[in-house]
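This briefing goes through one protein model, topic by topic.

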Amino acid sequence: MSGAITILRTKIDLPDLFQLCLGAGASILSALSNLPSLPWLARSKIERHLQMISVYQWVITFLIMGITCTMVLFYMFFTNLWPIAALYFSWLAIDWNTPNQGGRRSEWVRNWAVWRYFREYFPVRLVKTHNLDPNRNYIFGYHPHGIFCFGAFCNFGTEATGFSSKFPGIRPSLATLAGNFRVPILRDYLMSGGIFPVTRDAIDFLLSKNGSGNAVIIVIGGAAESLDCNPGSNIVTLKNRKGFVKIALQNGADLVPVYTFGENEVYHQIIFKEGSLMRAIQKRFQKLIGFAPVVFQGRGFFSSNSWGLVPYAKPINTVVGEPITIPQIENPSPEEVDSYHKMYVFSLIKLFNKYKTKFGCSEMARLEVI
């Protein structure tokens, strides 16, 4: 027995084992490449399954990680592990305002190998059209929301598509529902990717107290926009969304329109008509909890012909447009807000029309702003 233990220690040291677990695919594929050739163990199939797993874990994380971690921590109070739960909640009370003060990003987490497999599943691509001055701050308006904002997360919540190399000196911070940051464990996981709550205090902190070179990414249409996403749909909820323009003016942050082609293609959704009971229920939930429950369908994990939560593998191309220079006005008038809002809408439509045929839309496709 001691001999066997000695052999194991010489062949697998702790750093290698740690890399095998967190390195997600690279170490596994390297080990499998030395095995005899088997049809079901082809490298391409292993890579594809790793890609699906990487996407599936993010979907599951979004849906159940928060409630699961909360239940586990409360359960620990009734076990011998209660000191761990007590210690975490004590630290949580001390750390409560961190999400509103720039968060706590981890470049290590943002560069996990799992995100590269996530990227290649669809695949997700980030398209740069103009340089961004690192001496300025920016608000990126992201469109459309889709079901899970796969393009926003992959491009701005990770380094899988090389944001930092394409926009040197710019730090992306992706805004999401503030409620997520009241949930234990989930809040820390999200912050590690540079994700923060979409609150006025958090946005103002990044744009006014965190130096220059900050890019705040806001999904402008939010939960309301997710109700209209479906393959072939190019609808953005923007006409009456002007708060982000006012914040940009107050902080002198340039506005950057961002459109993701393919975000609406990865799931099929049952769209309920305006005025219907189900639509009313969705909107009621949206007002109460911040997001709208949607009835959507993807593919199964083992078969593309079955139903499931795995999104369809459709290309997702995120195009970052030309920045709109915004002056700093401490108390902008409604007329000034309207003026820059119109400029933003015009720039977004122009961006869509310029790239629509390149990324799968027909020449006749148009962007509908509601």
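Two strands are said to pair if DSSP finds at least two bridges between them. Helices (H or I, at least four residues) and strands (E, at least two) are DSSP runs, numbered from the N terminus. With these terms, the model shows an open sheet of seven strands with mixed pairing, in the order β1-β11-β7-β2-β5-β3-β4. Its edge strands are β1 (124-128) and β4 (195-197), each of which pairs on one side only. On average, neighbouring strands of this sheet are turned by 25° against each other, direction ignored.

This is a predicted model, in which local features need pLDDT of at least 70 and side-chain atom pairs count only at pLDDT 80 or more, while totals for chains, interfaces and linings use all residues. Residues are numbered from 1 along each chain as its sequence is written, and side-chain values use heavy atoms, with hydrogens and water left out.

- Strands of a sheet pair through backbone hydrogen bonds, either parallel or antiparallel.
- Strand β3 (residues 171-176) runs parallel to β4 and is joined to β4 by three bridges; leucine 174 has isoleucine 195 in β4 as its bridge partner.
- β3 also runs parallel to β5, with four bridges between them; here arginine 171 has asparagine 214 in β5 as its bridge partner.
- β2 and β5 pair over five bridges, again in the parallel sense, and tyrosine 138 stands opposite alanine 215 in β5.

**Burial of β5**

- Buried means under 20% relative accessible area, exposed means over 50%, and partly exposed lies in between (1.4 Å probe, protein chains only).
- β5 is mostly covered, with six of its six residues buried.
- Asn214, Val216 and Ile218 point one way from β5, whereas Ala215, Ile217 and Val219 point the other way, and all are buried.

- Contact means heavy atoms within 4.5 Å; axes are lines fitted to C-alpha atoms, for helices over the stretch in contact, and angles run from 0 to 180 degrees between N-to-C directions.
- Helix α15 (residues 334-355) lies across β2, β7 (254-261) and β11 (316-320), and runs at about 35° to β7.
- Helix α7 (residues 113-121) is largely enclosed by the rest of the structure, because seven of its nine residues are buried. These buried residues are Ala113, Val114, Trp115, Tyr117, Phe118, Arg119 and Tyr121.

**The three-stranded sheet**

- Another open sheet has three strands in the order β8-β9-β10, with antiparallel pairing. The edge strands of this sheet are β8 and β10, each pairing on one side only.
- Two bridges join β8 (residues 268-269) to β9 (residues 296-299), and histidine 268 stands opposite glutamine 297 in β9.
- Two bridges also join β9 to β10 (residues 307-308), where glycine 298 has glycine 308 as its bridge partner.

**Salt bridges**

- The structure holds 14 salt bridges. A salt bridge is a side-chain nitrogen of Lys or Arg within 4 Å of a carboxyl oxygen of Asp or Glu.
- Aspartate 228 and arginine 279 meet in a salt bridge (3.0 Å, N to O). Aspartate 228 lies in the loop between α12 (222-226) and β6 (235-236) and arginine 279 in helix α14, so the pair ties together parts that are 51 residues apart in sequence.
- Aspartate 228 and arginine 279 are both buried, arginine 279 having 4% relative accessibility.
- Arginine 279 also meets glutamate 274 in a salt bridge (3.1 Å, N to O); glutamate 274 counts as exposed at 53% relative accessibility.
- Arginine 125 and glutamate 120 form a salt bridge, with their closest N and O atoms 3.4 Å apart. Both count as partly exposed, arginine 125 at 35% and glutamate 120 at 29%.
- A network of salt bridges links Asp95, Arg104, Arg187 and Asp188.

**A nonpolar surface patch**

- Patches are made of residues with over 30% relative accessible area and no salt bridge: like charges are joined within 9 Å, and nonpolar side chains (Val, Leu, Ile, Met, Phe, Trp, Tyr) within 5 Å.
- Accessible areas come from the Shrake-Rupley method with a 1.4 Å probe; for residues, only the protein chains shown count as cover.
- One nonpolar patch of about 740 Å² is made by Leu177, Leu277, Met278, Ile281, Phe285, Leu288, Ile289 and Phe291.
- Phenylalanine 285 lies in helix α14 (residues 277-289) and is partly exposed, with a relative accessible area of 39%.
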